[in-house]
Amino acid sequence: MNNLLAAAEADVPKSIRLHGFIVLFLLSVNTVAVSGNQDVAPVPTTSPEIGMEIATSTPAAAPESADAKSAGSKVEVISKPDGSFTLLLNGEPYMVKGAGGHQYLDLLAASGGNSIRTWGIEQLEEVLDGKPLLDRAHESGISVTVGFWVQHQRHGFDYTNKASIEEQRNRLRNAVLKYKDHPALLTWLLGNEVEGLGPGETDVRIWKELNHLAGIIKELDENHPVMTAIAGARQSKIDGILEYYPDIDILGVNQYGSASGTGQTLYAMGWKGPYMLTEFGVPGTWEVPATSWGAPIEPDSSTKSAETYTAYMTDRDNNPGRNLGSYVFYWGQKQEATATWFGMFLQSGEKLPRVDAMTYAWSGEWPENRAPKLVSLETPVEFKHVKAGGEFHAEVDSVDREGDELSYLWDIRMESTDRKAGGDAEAAPSSFPDAIEAGQGTRRLSFKAPNRPGGYRLFVTVYDGQGGAVTHNVPFYVEN
């Protein structure tokens with residue numbers, strides 16, 4: 001363990017200001033973080049359609065491949081006399097080494113990962129490489145924690161409306177009957193942060209309804225356990241689950257800045273059962289320092305890789321027999337505060353350093369070709385108020401371990417004004433390519449501050465030409 005941590009720490013860029021103490025602070029404080037970064041848009045309560053992750057895949061009919069017709073999986077949670085638990089897949093112990101998202105399945109498998117989680121049944125209808133998602137995952141040796149999107153009150157769902165509740169129950173019945181015998185199925189994941197994001201007591205009706213939905217699954221499918229993902233470990237949530245949700249088999253927790261202490265926190269709150277980290281990774285936008293104008297300060301990609309690795313290893317190794325695995329967030333790309341905060345890939349498909357970190361965590365080996373490493377990004381506008389039209393420069397220093405030739409892409413964007421709660425879909429802010437005067441494609445940039453007052457970010461992306469990249473950005477504020 002010490003050697004692994006040393007390997008991770010060696011990749012933390014020493015010259016990047018501020019982020020070093022953030023890592024130490026987050027690892028030393030075991031406070032509960034409210035998380036919620038599912039890639040889901042608000043849903044009309046009258047429709048079962050759910051806005052899931054951005055995808056170009058096409059709808060598919062029910063699985064019809066040879067894989068889908070083979071024997072379904074059998075998954076059990078075994079309780080031992082000493083209070084520990086084991087997850088069995090087809091009779092064999094199975095530790096989940098998973099990722100949230102359903103892209104790049106071959107790379108996930110090659111990296112040592114063995115599972116993905118989804119957020120809604122609709123994702124199972126997508127076609128990847130000519131095959132439905134479950135078939136494609138099974139072909140790659142990847143199991144699937146199948147998410148069923150339980151509607152949120154914050155999206156307008158009324159848990160006193162009997163017709164809406166029954167419609168949701170019927171959708172679940174249909175989904176279970178349709179997919180329960182697929183060999184890729186690992187667990188059912190009922191809802192994601194449906195209990196809400198803020199402090200205080202959760203509506204008891206939600207826990208009771210989740211328990212009813214779990215009963216529906218158990219009636220129709222005796223071969224797969226039921227899990228629910230909550231937004232951070234809070235005492236009121238654990239109390240509600242223990243009292244009103246007895247049919248839950250595994251507790252899923254979405255935890256970010258304090259993910260490394262999740263197991264110990266749950267135990268102290270009274271949850272003695274098995275759990276998984278259903279989302280974890282880098283500190284959330286709500287957990288990091290901010291500028292004087294309120295812009296969250298995003299760690300660079302290399303620092304994020306160390307944070308993700310440490311959170312994974314610490315919680316896993318401190319909770320044997322209770323931690324059944326985890327799903328790193330997010331095995332894809334999404335806009336949330338920035339286009340780079342949670343995603344482990346660029347929109348163009350290049351992997352970022354967190355993919356390499358999880359490869360080492362899962363397999364014990366680095367990939368043959370690693371993403372570049374960011375050493376520093378220097379610019380006088382960092383965290384500053386600057387005058388509109390002012391001329392400035394920026395310079396990035398990065399290295400590639402394999403000696404690949406590096407290329408550079410700079411971008412200036414407005415600070416996001418379409419910030420949403422719980423990971424709901426956000427629009428990307430505007431880009432200002434005309435602000436770049438010279439140096440695009442090189443390590444050193446000359447640019448001018450846009451004329452429009454407000455918050456901005458200067459982004460740089462460094463590519464190795466071998467499918468890897470590293471990114472960083474710094475916020476600044478333009479005033480007249």
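Mentor: This is a predicted model, in which local features need pLDDT of at least 70, side-chain atom pairs count only at pLDDT 80 or more, and totals for chains, interfaces and linings use all residues. Residues are numbered from 1 along each chain as its sequence is written, and side-chain values use heavy atoms, with hydrogens and water left out.

Trainee: Where is Tyr94 found?

Mentor: Tyr94 is in the loop between strand 3 (92-93) and strand 4 (96-100). Strands are DSSP runs of E with at least two residues, and helices are runs of H or I with at least four, numbered from the N terminus.

Trainee: With which residues is Tyr94 in contact, leaving aside its neighbours within four places in sequence?

Mentor: They are Leu87, Leu89, Asn114, Ser115, Ser143, Leu186 and Leu324. Contact means heavy atoms within 4.5 Å.

Trainee: What makes the pairing of the Tyr94 and Ser143 side chains a polar contact?

Mentor: A polar contact is a pair of N or O atoms within 3.5 Å; within protein, one must be able to donate a hydrogen and the other to accept it, and residues adjacent in sequence count only if both atoms are side-chain atoms. The two side chains make such a contact at 2.9 Å.

Trainee: How is the arrangement of helix 6 and helix 7 classified, and why?

Mentor: The axes of helix 6 (residues 162-179) and helix 7 (residues 204-220) come within 10 Å and cross at roughly 30°. That makes the two helices roughly parallel. Angles under 35 degrees count as roughly parallel, over 145 as roughly antiparallel, 65 to 115 as roughly perpendicular and the rest as oblique. Axes are lines fitted to C-alpha atoms, for helices over the stretch in contact, and angles run from 0 to 180 degrees between N-to-C directions.

Trainee: Why is helix 7 called oblique to helix 8?

Mentor: Helix 7 and helix 8 (residues 235-244) pack at about 45°, with axes 9 Å apart. Helix 7 is therefore oblique to helix 8. Val204, Trp207, Lys208 and Asn211 of helix 7 meet Lys237, Gly240, Ile241 and Tyr244 of helix 8.
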